[in-house]
Structures are given as C-alpha cells and as structure tokens.
Amino acid sequence: MDHLKHLDDLERRAELGGGDDRLRRQHEAGKLTARERIDLLFDPGTFQEVDKLVTHRCLDFGMDESVIPGDGVVAGCGRVDGRTVYAFAQDFTVFGGSLSETNAAKIVKIMDQALRMGAPVVGLNDSGGARIQEGVLSLAGYADIFLRNTLASGVIPQISAIMGPCAGGAVYSPAITDFNIMVEGTSYMFVTGPDVIRTVTHEEVTKEELGGARTHNETSGVAHFSVPDDRECLRLIRDLLAYLPSNNVDEPPRRESSDRVDREDETLDALVPEAPNQPYDMLDLVHSVADDGEFLEVHRHFAKNLIVGFGRLGGRPVGIVANQPAHLAGTLDIDASVKGARFVRFCDAFNIPLVTFEDVPGFLPGTRQEYGGIIRQGAKLLFAYAEATVPKLTVITRKAYGGAYCVMSSKHIRTDVNFAWPTAEIAVMGPEGAVNILYRREIDAAADPVALRAERVAEFREKFANPYVAASRGFIDEVIHPRQTRAKLIAALATLQTKRDRNPPKKHGNIPL
C-alpha cells in the first residue's frame, strides 16, 4: 500500500505543476494550464502521457531543492477526431516552462515517436526560454528539437501554438514547423527582447509591438493565425488537422457533404466588373465554390493581395491560392510570393491538390520591390508551382498578364487543367500599356491622339484581351461559364485522383531562398 500511496503522491505532484498559487496566476494572466490545454486539444479520455515522473538532473544553484515531476512539460499522444496526434505542452508554472536537458528529452521522444508512427505533432509553447542553471545542456536540448523539426518537415504535419512567451533560440522550432498560431495579448515571439534592443540600438519598443500576435500576423508573416484566447487556439488546431493527412504517404481525410457537386451559382456570372480596373472580392468566388462555403484562410492578415487556405471540393480537401483584386489589384509582390510559395510547397508535400484562382496584372513595380529582391522572391512561387506534382487546377477569372501569368500555375508549368472565364484577359501586358508601346509613333503623329489611342486600345482588347487565343493554342482547356466553376473543378479533380507525376531523381532542388 505504501508503494501505491507513493505513486499517487508523485502523480498528484506532477498534475499540480508549480502548485496552486502558480496555477492561479496562470489563470489570472488569461491563460489555461498545460493540462487544460491538452484536455481541450484531444478527444476526451484519449490522451496517453509519457514521462510524467521525469525530473531534472541539475544539482547546482539550489535546483536540488526544487524537483517537480514532469519537469515543466506535458507530453504524449491521443486522438483528434479519432486520428492519432502527438503533442507537448510547456508548463509555465514550473520554472517558467524553461527548457532543461530532461524537458527537451521528453519533447524529442514524442517527436521521434510521431515520425515513426506517421502522425502529426503539435507543440503548445509557453516558456521563458533555456533554463540558465543548466547552461549548454539546455542549448543542446534546443538543437536536438531543431533537428527533429527539420527531419520531420514534409513527412508529418507540424503545428506550433504560441500561447505565452517564446524568445531567443526557442523561436526557431516554431519557425521550422508548418503553421504557427498566436494568442492575442498573451503570446509573443522575438529573438532579442526590448531590453536588449534598447541597450544596443536605443530603440524603445514594447513586447507586444516587437513580437505580439498582431506584429507577426500582419507585418513579419512569421505567424499564420491569430486567435483571441487559448480555447479558440485549440479549436483552430483541431479544425486545421481536419484538412491534413497524418503524413506524406496518406491521402487527406475526406468528409461527407450535402452540398451538391453540380451546384451552380448564378451570381458568379456578374462577379467580375465591366470596368477592367474595378476591384472585386475574390473571397466571394472561393466561398461560392467550396463545400458548404467553408474556407480556412491561412495568413489572412499578411500579404492580403494573395489568398491562401484550405477548403473542400466534393468532400476532398484542397489548397486554394487566389489573387485578391481588392488589395493592390491582386499584384504579386515580395510578401505575396513568399506566402504563396510556402503554402504551395506544403500542399505538395502532403498530397493536397492545388486550386488556383487567377486575376493578376503582374508583379508590383517599384524600387522597394526590386531592391528587396522581387526577382528572387517571385521565383520562389514559380519554383514551388513548377515542382509540385499534386493535382493542379487553375481558373483565370480576369487578368493574366506577363510573367505573372506564367507563375500562377499556368499550363506551361505542368498544371493539369486550366479553365478560363469569358472575362479572362491573357496577354503580355494590359491593352493600355501595349498600345503605348506598339503604336507610340502613330499616336504621337495623329491629329487626335486621344481618339486614336482609344481606338487602338479597343482593337487590342478585342484581339488579345480574351481567353480564346490561349484556348486555340491549348493553353486553356476550356472556357467556362462562371456559374459552372464548382462543378467543373470537382469533375476535373475526380479525373485526377490517380495522377502519378514525379520530378527527376535528385537529393533536392535549390529553391532561390
């Protein structure tokens, strides 16, 4: 009986973490505890914890008097919607969630298990950083985790939730994972904090301004989602996992839907405005074609001129990439190119078909873009689309000009099915710009240059600013009525279920990073 009592006592101490007072402070800070987060992430009663009784090995700086079972991280596996998922949750109530040698070993163990079992891994980050008392041992623990993140990349989905502090070297693990979710008001990420910045550069900045959820969702693009609280964060992780396969060999999970596959939407026939420069919201099209109008947008606050995210077509998950004419006219700039490239490569790694909705007048001009490397950055998106071997479908709704036409999943980079609406304009450049180059001398010498320019623009638009020249060359498979878009995409996707394509044998490509 004494043995059983001792075991019960150890387990109770592990579940209390840093004790009642620190658990209370965690709640007062607007945060759930590590175990509460685990309970909300997994299906009830399915979580199996590992290394619950592990303790640190540091005997210096009085640490031998502070030994807490579990050592500041809860780790194990369970089920999310019936599928196996591995996770770790850092416990801020135990030494501020700091990473120790044994703490890191627990994380590494479940990451290794996730990789062997072909299951996603979720990291719930809430840590003050490396445990200073352990010196290089804690740094080695970070490096061990980084290695696993890298080896698992493209093999199993990796999701990071930033639910408290994440600073210094700790930020590089979430940076390698596939998706980062940040909680507003309680989470932050940065390599060097405000105090160091103040000392070195004399800049005054708060933690929130430097590395809060808004900063990393809107400005840096480090984070992919921003949520108001812990509960919403864990619900979002469950929603995200529902679109993803367990690994790079499995197919994405399908879901039954009552939404008819042949449903038509007449409002799409009037979606594109008559005026070529008038904006419209591409999200109207995305929601219209997706099953039940559901779309999980990724990077919603970053590079808004490009939309990326997950939807379903006929119950099958797809990755959607779309130019957004309502922001920067849908042009491709540095941020949009990187955002799109990362998403396309994720979908390709995990067998998720790609659907592209195109309305792009070109790459954003300007010295800031050129000096920032738009050539190299734009090439990332081109590289990503060209190397992708998953089923690829494209719908051109309006403008498809210049190099941006080539980049946005054109037929020439192995896209399987390319549709165009009758409003599509496929050309080297817009009619106005083309006329200014082709007919400059004639217009300058004309008695009425304004009238002649208008006439030449109308001629060019009629001859080239339409999808039929491209269709006659086989670059467009079919010109479709906008209302038919959903049915056409689902039918094309069904024919591509058995697609098998591959790249030349190589260790890996050299994407222009």
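**Figure 1. Helix α3 against the sheet of the predicted model.** Contact here means heavy atoms within 4.5 Å of each other. In this predicted model, helix α3 lies across strands β1, β2, β3 and β4 (121–125).

**Figure 2. The open sheet of 7 strands.** The strand order is β1-β2-β3-β4-β5-β7-β9, and the pairing is mixed. Strands β1 (48–50) and β9 (225–227) form the edges, each pairing on one side only. On average, neighbouring strands of this sheet are turned by 20 degrees against each other, direction ignored.

**Figure 3. Pairing of strands β2 and β3.** Strand β2 comprises residues 73–80 and strand β3 residues 83–90. The two pair in the antiparallel sense over 8 bridges. Within this pairing, Gly78 has Val85 of β3 as its bridge partner.

**Figure 4. Helix α10 and its packing with α3.** Helix α10 lies across β2, β3, β4, β5 (158–162), β7 (179–183) and β9, and runs at about 160 degrees to β7. Helix α3 (residues 34–41) and helix α10 (residues 230–241) pack at an angle of about 35 degrees; their axes are 9 Å apart. The crossing of α3 and α10 is right-handed. On the α3 side, Arg37, Leu40 and Leu41 make the contact, while α10 contributes Asp230, Arg231, Leu234, Ile237 and Arg238. By class, the residues of this contact comprise 4 nonpolar, no polar and 4 charged.

**Figure 5. The largest cavity.** A search of the whole structure finds 4 cavities of 30 Å³ or more. The largest cavity holds about 110 Å³ of space. Its lining consists of 13 residues, of which Gln90, Asn125, Tyr142, Ala170 and Ser173 lie nearest the centre of the cavity. Strand β3, helix α5 (136–152) and strand β6 (165–167) are the elements that give two or more residues to this lining. The lining residues of the largest cavity divide into 8 nonpolar, 4 polar and 1 charged.

**Figure 6. The second largest cavity.** This cavity has a volume of about 70 Å³. Residues lining the second largest cavity include Phe88, Met111, Asn149 and Thr177, together with Val121, Val122, Gly123 and Asn125. Also among them are Gln158, Ile159, Ser160 and Ser173. Strands β4 and β5 each supply at least two residues of the lining, and β4 gives the most, with 4 residues. The lining of the second largest cavity has 5 nonpolar, 7 polar and no charged residues.

Notes
Residues numbered from 1 in each chain as written. Predicted model: local features only at pLDDT ≥ 70, side-chain atom pairs only at ≥ 80, totals over all residues. Heavy atoms only, no water. Axes fitted to C-alpha atoms, helices over the stretch in contact; angles between N-to-C directions. Left-handed = near helix turned anticlockwise from the far one by under 90°. Nonpolar A, V, L, I, M, F, W, Y, C, P; charged D, E, K, R; others polar. Pairing = 2+ DSSP bridges. 1 Å grid on protein atoms, 1.4 Å probe; cavity = no way out; pocket = protein on both sides within 12 Å on 5 of 7 lines; lining within 4 Å. Points joined across faces, edges and corners; volume = space filled by probe spheres on them.
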